[in-house]
Amino acid sequence: MASALLTSNVPGLALVSRGKVRDIYATSSKDHLLFVATDRISVFDVILKNGIPDKGKLLTSISLFWFDKLKNIVQNHLVTVNIDEMPEEVKECRDQLEGRTMLVKKAKVIPLEAIVRGYLTGSAWAEYKKSGTMHGIRLREGMVESEKLEEPLVTPSTKAEQGAHDENISPETAAQVIGAELYAQVAKISLDLYKTAAEHALSCGLILADTKFEFGLIPSLDGSAEELILVDEVLTPDSSRYWPVAGYCPGKSQPSFDKQYVRDYLTSVGYKKGFESGPNGDGEGWGISDTVIQETQTKYRATEEMLKRSS
């Protein structure tokens, strides 16, 4: 098995941050950043100690597909993926960065994740079982796990700093955090994106159960206002739940093409929040077996192939 790129190294550029998956570098342009998708994988907001080989390339490929398909709904931060059009320092690291790097517009990131749910699953199902609600939104009685919602709903969460956990919040709280007018815009665009993506996914044999979008603000062309754009990755197996249409059966958890498989594995070997440093408190963190690594890579690659097959 090929080795995973856990940490990128671009000596000629200043590192801005290392996120759960992406390394972000400043460039010679004040308006642009370099995003490098590594092969790190995070589960339950914890970065695992081993990664998935080529995952960063698959995430980049899938994001590029969706950026292009959804550009009529909202613009995005992509400038180029052509390394020949990037700073010289990037070209010198071509072997490391090819296929996993985007030059993007620098944006003021909105401190919110817009999660759109079309099915009752994950943390939403856990909340529903306790209170009959989803992010504080009252749902009808008698729903079962993995059931399709009557209409997709935007269920926001906080965007936590690395090492902290995102927290589900109500739409009302989200509107207070970023302002009612901006939240209404984010929610509408998120629903439009989800509905378009879900329709395409269904034509490819995939159910898009839920996904999250992140947005930023950039100056408009005339500088008189701020424009909302889509940032980070979009509709990848890292940020979305994809289920196979074949065999879909409400009332239980579904097989998936996303990192739910890794979550389930960690839970099966004893993972609990609060024990992020490892099952024995040894400080080395949680890892996954070679079998889980290989299967996860296979699932991500299958998602890419299925989504592009019918495009």
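This is a predicted model: local features need pLDDT of at least 70, side-chain atom pairs count only at pLDDT 80 or more; totals for chains, interfaces and linings use all residues.
**Domain contact.** I started with the contact between the two domains, and found 25 residues of domain 1 touching 24 residues of domain 2. I took the bounds from the domain assignment, which puts domain 1 at 14-105 and domain 2 at 108-244. Their centres, taken over C-alpha atoms, sit 22 Å apart.

**Buried area.** Next I looked up how much area goes under between domain 1 and domain 2, and got about 2,100 Å². Carbon and sulfur atoms give 65% of that area.

**Charges across the interface.** How many salt bridges are there between domain 1 and domain 2? I get 2. As a reminder, side chains of opposite charge can pair when their charged atoms come close.

**Polar contacts.** For the interface of domain 1 and domain 2 I then ran the polar contact rule, which finds 7 residue pairs, both partners at pLDDT 80 or more. Which elements give two or more residues to the side of domain 1 that touches domain 2? They are helix 1 (55-70) and strand 7 (101-105). Helix 1 supplies the largest share of that side, with 9 residues. I sorted the side of domain 1 that touches domain 2 by class, too: 13 nonpolar, 5 polar and 7 charged residues.

**Whole protein.** Stepping back, I noted 8 helices and 15 strands for the protein. Is the protein compact or extended for its length? Its radius of gyration is 19 Å, close to the 19 Å that the globule rule gives for 311 residues, so the protein is as compact as a globular protein of that length. Along the principal axes, its C-alpha atoms fill a box of roughly 60 × 50 × 40 Å.

**Salt bridges overall.** I counted salt bridges by the rule and came to 18. One I opened up is D84 with R94, where the side chains meet at 2.5 Å, N to O. D84 lies in the loop between strand 6 (78-80) and helix 2 (88-91), while R94 is in helix 3 (residues 94-97), so this pair ties together parts that are 10 residues apart in sequence.

**L182.** Last stop was L182, which I placed in helix 6 (residues 180-203). Which residues does L182 touch, leaving out those up to four places away in sequence? I find I110, L217 and L228. I also checked L182 against I52: the two are 130 residues apart in sequence, and 36 Å apart in space, C-alpha to C-alpha.

Terms used. Residues are numbered from 1 along each chain as its sequence is written. Side-chain values use heavy atoms; hydrogens and water are left out. Domain bounds come from an automatic or database domain assignment. Contact means heavy atoms within 4.5 Å. Buried area is the accessible area (1.4 Å probe) that two parts lose on being put together, summed over both. A salt bridge is a side-chain nitrogen of Lys or Arg within 4 Å of a carboxyl oxygen of Asp or Glu. A polar contact is a pair of N or O atoms within 3.5 Å; within protein, one must be able to donate a hydrogen and the other to accept it, and residues adjacent in sequence count only if both atoms are side-chain atoms. Helices (H or I, at least four residues) and strands (E, at least two) are DSSP runs, numbered from the N terminus. Ala, Val, Leu, Ile, Met, Phe, Trp, Tyr, Cys and Pro count as nonpolar, Asp, Glu, Lys and Arg as charged, and the others, Gly among them, as polar. The radius of gyration is taken over C-alpha atoms; the globule rule is 2.2 Å times the number of residues to the power 0.38.
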